Amino acid sequence: MKNYLLVLIAVLMLGCQYGEKEIILEKKRIVVAHRGASGYLPEHTIPAKAMAYAMKPDFLEQDLVLSKDGIPMVIHDIYLEDVTDVTEMFPRRKRADGRYYVIDFTYTELQLLSVHERVNLQQKEAAFKGRFPVNSAIFRLHSLEEELQLIQGLNISTGQDVGIYPEIKNPAFHLKEGQDISEIVLEILSDFGYVTKEDNCMLQCFDAIELKKIRQEMGCQLHLTQLVEELLSESQIKEIATYADAIGPWYKQLLLEKDAHGNWIVDPLVERANAHNLQVIAYTFRADDLTADESFEDLLDLAFKTLDFDGVFTDFPDKVVKYLE
Ligand code: CA
């Protein structure tokens, strides 16, 4: 009888564990290496991408800004001085607003810059304390084509199939400067075999007018992610569903308030979006950006169990991949 009870307890405990796992496995969760393994190496450098690749995320992210000669460079901002030594290399090339623009430099000139860990320009110190030392200057900028060669080469040599998650940055700014960034990026993606939803690519943009144009006027057949900066109404979600496949919100915006037990009450975006066949892949999960009473695992519980995201962008892909395993 005693043994029978023990077995019963063991089975019940296993059942609970299995049940909990099932919550996580219900949908395939996507891990996007945000600017590469940017928690460990300067963002958007080839070493940061190679390291991220080895962590087995589903996608590597590329932020794209055009050079003066129309080459998509992998860099987060339209400016250079937060992550390079441009002020020392080309002190006279700033505009009247005091800033150095990627689009004012040719690809060859951009190759002369050293890339370092992101700095906060006001305080002139590392944006994220405890990451790779800022004073190291062994990194370089690279183009979209160079990064695609790296990823496709690794896909061949490792036998894995890691996808790409390119972001078209500030298309309106590019147009004002006389360049159509979407047209140039789509052509390169097509050259590298990223054409339909079968190909391992999700294209993202904050500019809704541009993303809609990419689908409806340019006839792009890739997976499209509409990045958003605000909470969405039901009708806005419906509208996005007419041209996109996923929404990319800032997760902190979905945290409305805490209930009496200290649990977050969250915006129902995921349920609403999923009902319209839109995935929700939220940004950005950082193991070094936590509140005092929170662990990274708590934050990922919040992401996958409470908010139920289909995927996350993270500076620490190794930690999220391990959590999901
Ligand atoms: Ca991005």
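## Strand 2 and its partners

Strand 2 and strand 3 (residues 72-74) run antiparallel and are joined by 3 bridges. In this pairing, Leu-66 stands opposite Pro-72 of strand 3. The two strands form a hairpin with 5 residues between them, and Gly-70 in the turn has a positive phi of about 75 degrees. The model described here is predicted.

Strand 2 also pairs with two other strands. With strand 1 (residues 30-33) it runs parallel, and 2 bridges join the two; here Ala-33 stands opposite Leu-60. Strand 6 (residues 163-168) pairs with strand 2 in the parallel sense as well, over 6 bridges. Within that pairing, Asp-63 stands opposite Glu-167.

## The calcium ion

Which residues are the protein donors of the calcium ion? They are Glu-61 and Glu-167, each through OE, and Asp-63, through OD, lying 2.2 to 2.3 Å from the ion. Along the chain, these donors follow the spacing E-x1-D-x103-E. Because Glu-61 lies in strand 2 and Glu-167 in strand 6, the pair ties together parts that are 106 residues apart in sequence.

Glu-61 and Glu-167 are both buried.

## The largest pocket

The largest pocket has a volume of about 390 Å³. It is lined by 16 residues, and the closest to its centre are Lys-258, Trp-264, Thr-291, Glu-294 and Leu-302.

Sorted by class, the lining of the pocket has 6 nonpolar, 4 polar and 6 charged residues.

## One face of helix 12

Helix 12 covers residues 317-324, and its buried residues are Pro-317, Val-320, Val-321, Tyr-323 and Leu-324. Seen down the axis of helix 12, these buried residues fall within an arc of 160 degrees, and therefore they line one face of the helix.

Most residues other than glycine have a negative phi. Arg-35 is not a glycine, yet it has a positive phi of about 60 degrees. Asn-277, also not a glycine, has a positive phi of about 60 degrees.

Asn-277 has its place in the loop between helix 10 (269-275) and strand 12 (279-285).

Is Arg-35 buried or exposed? Arg-35 has a relative accessibility of 9% and therefore counts as buried, since buried means under 20%. Asn-277, by contrast, has a relative accessible area of 69% and is exposed, because the cut-off for exposed is over 50%.

Conventions:
Residues numbered from 1 in each chain as written. Predicted model: local features only at pLDDT ≥ 70, side-chain atom pairs only at ≥ 80, totals over all residues. Heavy atoms only, no water. Pairing = 2+ DSSP bridges. Helix = DSSP H or I, 4+ residues; strand = E, 2+ residues; numbered from the N terminus. 1 Å grid on protein atoms, 1.4 Å probe; cavity = no way out; pocket = protein on both sides within 12 Å on 5 of 7 lines; lining within 4 Å. Points joined across faces, edges and corners; volume = space filled by probe spheres on them. Nonpolar A, V, L, I, M, F, W, Y, C, P; charged D, E, K, R; others polar. Donors = N, O, S within 2.8 Å, 3.2 Å for Na, K, Ca; no water. Buried < 20%, exposed > 50% of the residue type's maximum accessible area, 1.4 Å probe, protein only. Arc of directions from axis to C-beta.
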